[in-house]
Amino acid sequence: MSSPKVVLLAGVLLGLIVLISCNDSDEDDKRPSNANGTAQSANQKPGEKPVADEGEEGEEGPATPAAVAAEKAAPQQTAGKQFAYNFDADTPGQMPAKFHSAKTGGGAQEKWVVSADPMAPSKPNVVAQTSTDQTDYRFPLLIADEASFQDLDVSVKFKAVSGSIDRAGGLVFRLKDPNNYYIVRANALENNYRLYHVVNGRRSQFAGANLKVTSGEWHELRVEAAGNKITCYYDGNKKIEAADDTFKDAGKVGLWTKADSVTYFDDLKVTAK
């Protein structure tokens, strides 16, 4: 082959290589990324939530939190002091005594009512969050007013009844106000158990486990907190063990749901340690 033809062929091959490289680069630029900046899985459909794992998640919530009312002070309890709430002496259709409702995030007013349930762990009543507002970043709270606790053992039974945006129930502890607290929650749509701190209305996960959470059945959530060590149980089995220094002081306890979750609760018990 003559020298000019060799040069021409080499030039054509070089051009093809450059063109292929540019196309690959363009495809990488077009590939969608998740919130952590990594490439989206090839098996993940557009708009679909990534499969949940046990790693940490980024901070969620508005940069400027919704205003909340200040919490009334409650006496800190000494070791051994216990409170138990089964809602059986409360009037169905009304808020339970010794509690008040609040909300983290946006959306419509939360709605907590005492309700009769023939399947209640302790009959006849439960307390239920019944609002079905579908605002995603919306967390109705039912806060116990009698006492505050630093180190504690707190538990509750819950039943996830319905919800298309979310179907969850949780325990709040060391609550300073509706924008600052710890929350452990179980989710029947995601089949996971997650531990968060909420700081100035923004939520961050720092521990979790994946497990089956069935709708329409009663389950138990339980938390032990001692110093910065937090241990969470699901149906009597230890599922989460973590350390966190966000909230060190005593705070109130309460119940939690998300978005349009209709969730029943019964037998809330808390003991100071």
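Tutor: A cavity is a set of grid points where a 1.4 Å probe fits but cannot get out. The model we apply this to is predicted.

Student: How much space lies in the largest cavity?

Tutor: The count comes to one cavity of 30 Å³ or more. The volume is the space filled by probe spheres set on the points. For the largest cavity this space is about 30 Å³.

Student: How many residues of its lining are nonpolar, polar and charged?

Tutor: The lining of the largest cavity includes P62, A66, Y137 and N179. Pro, Ala and Tyr count as nonpolar, and Gly is among the polar ones. The division is four nonpolar, four polar and no charged.

Student: The rings of Y85 and F99 pair; what is the pair called?

Tutor: The structure holds 10 aromatic pairs. In this one the ring centres of Y85 and F99 are 4.9 Å apart and the planes are at 70 degrees. Planes over 60 degrees apart count as edge-to-face, so the pair of Y85 and F99 is edge-to-face.

Student: Is F99 buried or exposed?

Tutor: F99 has a relative accessible area of 7%. Buried means under 20%, so F99 is buried.

Student: What is the pair of W112 and F265 called?

Tutor: The centres of the W112 and F265 rings are 5.9 Å apart, with planes at 40 degrees. Stacked needs under 30 degrees and edge-to-face over 60, so the pair of W112 and F265 is tilted.

Student: Which strands hold W112 and F265?

Tutor: The two residues are 153 residues apart, so the pair links distant parts of the chain. W112 lies in strand β3 and F265 in strand β15.

Note on methods. Residues numbered from 1 in each chain as written. Predicted model: local features only at pLDDT ≥ 70, side-chain atom pairs only at ≥ 80, totals over all residues. Heavy atoms only, no water. 1 Å grid on protein atoms, 1.4 Å probe; cavity = no way out; pocket = protein on both sides within 12 Å on 5 of 7 lines; lining within 4 Å. Phe/Tyr/Trp six-rings, centres within 6.5 Å; stacked < 30°, edge-to-face > 60°. Buried < 20%, exposed > 50% of the residue type's maximum accessible area, 1.4 Å probe, protein only. Helix = DSSP H or I, 4+ residues; strand = E, 2+ residues; numbered from the N terminus.
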